[in-house]
Number of protein chains: 2
Amino acid sequence: MTRIAIDAMGGDHAPHEIVAGAVWAAQEYGVAIELVGKQDRIEQELDRISNEGFYSDCGKAGKQYKLKIDTSKLDIKITHASEIIEMGEAPGQAIRKKKKSSIVLAVDAVATGSSDAVVAAGSTGAAMASSLFGLGRIPGIDRPAIAVTLPTIKKPIVVIDGGANSNCTPEMLYQFAIMGATFSKNVLGIEHPRIGVLNIGEEAGKGNELAQATYKLLEEHSGKLNFVGNIEGKEIFLSLCDVVVCDGFVGNVALKVTEGTSSMLFRMLKQEFKADLMGKIIGLLAKPFMKRIYTKINYEEFGGALLLGVKGITVISHGRSKAYAIKNAVRVAKNAVETGVNEKIAKFYEE
Amino acid sequence: MTRIAIDAMGGDHAPHEIVAGAVWAAQEYGVAIELVGKQDRIEQELDRISNEGFYSDCGKAGKQYKLKIDTSKLDIKITHASEIIEMGEAPGQAIRKKKKSSIVLAVDAVATGSSDAVVAAGSTGAAMASSLFGLGRIPGIDRPAIAVTLPTIKKPIVVIDGGANSNCTPEMLYQFAIMGATFSKNVLGIEHPRIGVLNIGEEAGKGNELAQATYKLLEEHSGKLNFVGNIEGKEIFLSLCDVVVCDGFVGNVALKVTEGTSSMLFRMLKQEFKADLMGKIIGLLAKPFMKRIYTKINYEEFGGALLLGVKGITVISHGRSKAYAIKNAVRVAKNAVETGVNEKIAKFYEE
């Protein structure tokens with residue numbers, strides 16, 4: 001049985017929503033769980049879910065859930081961690097100083113084989129640093145990167161790097177392309193995933209030095225990868241490629257702009273409907289349709305992004321994750337374990 | 001009377017929509033117009049507008065317009081240009097080779113004082129290169145930048161650079177901040193505009209080397225500028241600052257992602273409404289509300305972006321601009337001339 005370690009203390013709603021999401025996933029996906037964090041707090045949450053039940057509002061999608069699950073019937077292990085790494089701490093320093101922190105011990109659980117993957121909703125920097133330090137890099141990969149799955153009009157695409165590396169070289173972006181393609185093929189099931197370089201124009205000569213050099217490098221290696229050229233920001237959602245390659249700074253800006261734009265549009269639409277009585281009525285009628293869109297594009301559905309390039313599976317969840325998002329993050333971790341995405345990245349370099 | 005030169009041959013819908021937009025602006029804003037391009041084609045379009053009238057569908061906002069304007073009553077001058085710079089051409093080379101091209105001569109019109117500003121919807125690179133070459137830089141500014149005005153929940157913000165410079169230094173971004181603030185204050189009327197650096201986190205140490213160094217530089221000069229720190233992609237639309245400073249690569253990606261995200265959401269919503277008969281009816285009822293949002297965020301309303309840092313006003317319009325967008329671009333040009341934004345940028349350096 002696949003076992004997923006979860007940093008129970010990481011995230012804005014830790015530990016209650018995190019523990020609830022983990023229990024929910026154990027029940028829904030039939031996985032074993034290893035909850036890492038303050039033992040008494042975790043036990044308290046497990047008791048609550050077993051006895052009183054737990055309400056979650058599933059974040060912005062607005063759905064209400066009640067979880068009343070007999071946790072004694074599930075395969076749940078608790079690993080006590082006495083420390084917590086806070087959001088503001090410098091990641092490198094923090095993981096060296098706080099060896100007994102929940103994120104460090106959750107990664108340790110994967111390193112020692114106690115669990116198969118880790119899910120973390122706390123500091124992204126700390127999750128990356130402890131994964132890099134605790135699991136090590138896959139041979140051939142210089143820097144791990146975050147692979148974020150995004151909805152489009154047709155099928156989901158992968159944006160890599162979603163924010164792990166702010167300063168990149170063309171060689172790093174080439175490696176991101178390899179990792180992204182392997183993820184797209186094995187986890188999302190897309191045959192011959194098309195790789196695009198995020199750029200500000202179609203032509204090879206467009207963009208900054210990094211984008212230009214990456215274009216050349218991918219063109220040279222086009223026998224190994226299905227490189228389709230540059231892709232512009234407005235084309236990301238048109239399914240013109242399956243993997244969008246960029247540095248972590250640009251990738252993170254792009255992802256957050258997507259989030260910001262959709263929030264603004266939904267807010268504007270709500271405001272518009274409030275203008276008069278007729279609008280209010282039409283707004284009420286249109287609400288379920290808008291909600292369905294919201295569900296489609298909501299990060300909670302995707303649960304988390306994979307940190308690729310380390311020898312182990314780390315799923316990084318949004319800091320705002322509630323139980324529903326954590327449940328889905330566990331699903332992402334389970335899929336990554338079962339499809340052996342890391343072994344396949346390693347294999348790419350052996351061939 | 002303010003006179004605006006217009007590259008009549010630039011853009012996907014040149015010359016017919018461009019000429020129509022220029023005439024429309026002349027009538028609506030009481031400006032004089034200098035149309036630069038193939039004389040016979042321009043005359044043909046002017047005749048059509050005077051006699052048969054001209055239909056424009058105003059791009060995506062979907063509104064239909066009929067323009068039947070007696071062009072002989074307006075102050076319209078034609079300057080013949082025998083050449084056109086095409087979209088694919090390398091800008092630097094093209095402006096040197098095609099000295100009689102419509103964009104080069106339109107910028108010349110400003111340089112010689114025949115017009116006060118230029119509006120261009122053709123190749124952005126060619127418009128920038130000919131402006132830099134034909135008008136020269138404002139002392140103190142190393143590289144001109146594109147200031148794009150974006151709608152937010154509250155008031156419009158300025159993103160600078162929107163795509164002129166893919167590779168930037170912190171000093172360049174500092175200059176963008178000065179230009180953006182001057183634009184925000186004088187053209188948008190925002191007192192003490194708040195400057196933010198586009199970044200992937202709030203803290204000073206976040207982001208790539210460029211963002212970190214720019215943060216420091218702006219902090220050092222905070223006496224002259226109202227610097228409020230880093231701003232994340234998802235916060236752009238929350239009115240947390242008035243000027244978002246970034247390099248042209250990141251800025252262009254961010255702007256195009258905004259465009260791509262809103263297109264996708266509107267498409268998804270339309271699809272959702274099509275699901276069944278009830279949906280179709282609700283969709284029809286909701287349509288005017290959605291259109292109002294579309295109008296608010298539509299680039300056509302903003303007409304064009306200002307190229308700041310050159311000794312003259314150049315407004316760069318979307319390549320897809322139709323008459324309505326061109327009309328609004330002329331308004332932007334007129335405002336920039338009348339508020340003397342360039343003189344005020346120059347003055348910043350004199351003080």
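**View 1. The axes of α8(A) and α9(A) come within 9 Å and cross at roughly 165° in this predicted model.** Here helices (H or I, at least four residues) are DSSP runs numbered from the N terminus, while axes are lines fitted to C-alpha atoms, for helices over the stretch in contact, with angles running from 0 to 180 degrees between N-to-C directions. Because of this angle, α8(A) is roughly antiparallel to α9(A), a word that applies to angles over 145 degrees. The crossing of α8(A) past α9(A) is left-handed, which is the term used if the near helix is turned anticlockwise from the far one by less than a right angle, clockwise being right-handed. On the α8(A) side the contact is made by S262(A), F266(A), L269(A), E272(A) and F273(A), and among the partners in α9(A) are G279(A), K280(A), M290(A) and Y294(A); two residues are in contact if their C-beta atoms, placed from the backbone, lie within 7 Å. By class, this contact holds seven nonpolar, three polar and two charged residues, where Ala, Val, Leu, Ile, Met, Phe, Trp, Tyr, Cys and Pro count as nonpolar, Asp, Glu, Lys and Arg as charged, and the others, Gly among them, as polar.

**View 2. Helix α4 (residues 102-111) of chain A packs against helix α5 (residues 124-135) of chain A at an angle of about 35°, with the axes 9 Å apart.** In this pair, α4(A) passes α5(A) in a right-handed crossing. Residues of α4(A), including I103(A), V107(A) and D108(A), meet residues of α5(A), including A126(A), S130(A) and L135(A). The contact of α4(A) with α5(A) has eight nonpolar, three polar and one charged residues.

**View 3. Where chain A meets chain B, 43 residues of chain A are in contact with 44 residues of chain B.** Both α8 (248-273) and α9 (277-297) of chain A supply at least two residues each to the side that touches chain B, and the largest share of that side, 19 residues, comes from α8(A). This side of chain A divides into 20 nonpolar, 13 polar and 10 charged residues.

**View 4. A rotation of 180° with 0.0 Å of shift along its axis superposes chain A on chain B, with an RMSD of 0.0 Å.** The superposition is by least squares on the C-alpha atoms of residues with pLDDT of at least 70 in both copies. The two copies are therefore related as by a two-fold rotation axis. The same surface serves both copies, since 100% of the contact residues of chain A recur in chain B.

**Notes.** Residues are numbered from 1 along each chain as its sequence is written, and chains are lettered from A and ligands numbered from 1 in the order in which they are written. In this predicted model, local features need pLDDT of at least 70 and side-chain atom pairs count only at pLDDT 80 or more, whereas totals for chains, interfaces and linings use all residues.

Definitions and conventions: Angles under 35 degrees count as roughly parallel, over 145 as roughly antiparallel, 65 to 115 as roughly perpendicular and the rest as oblique.
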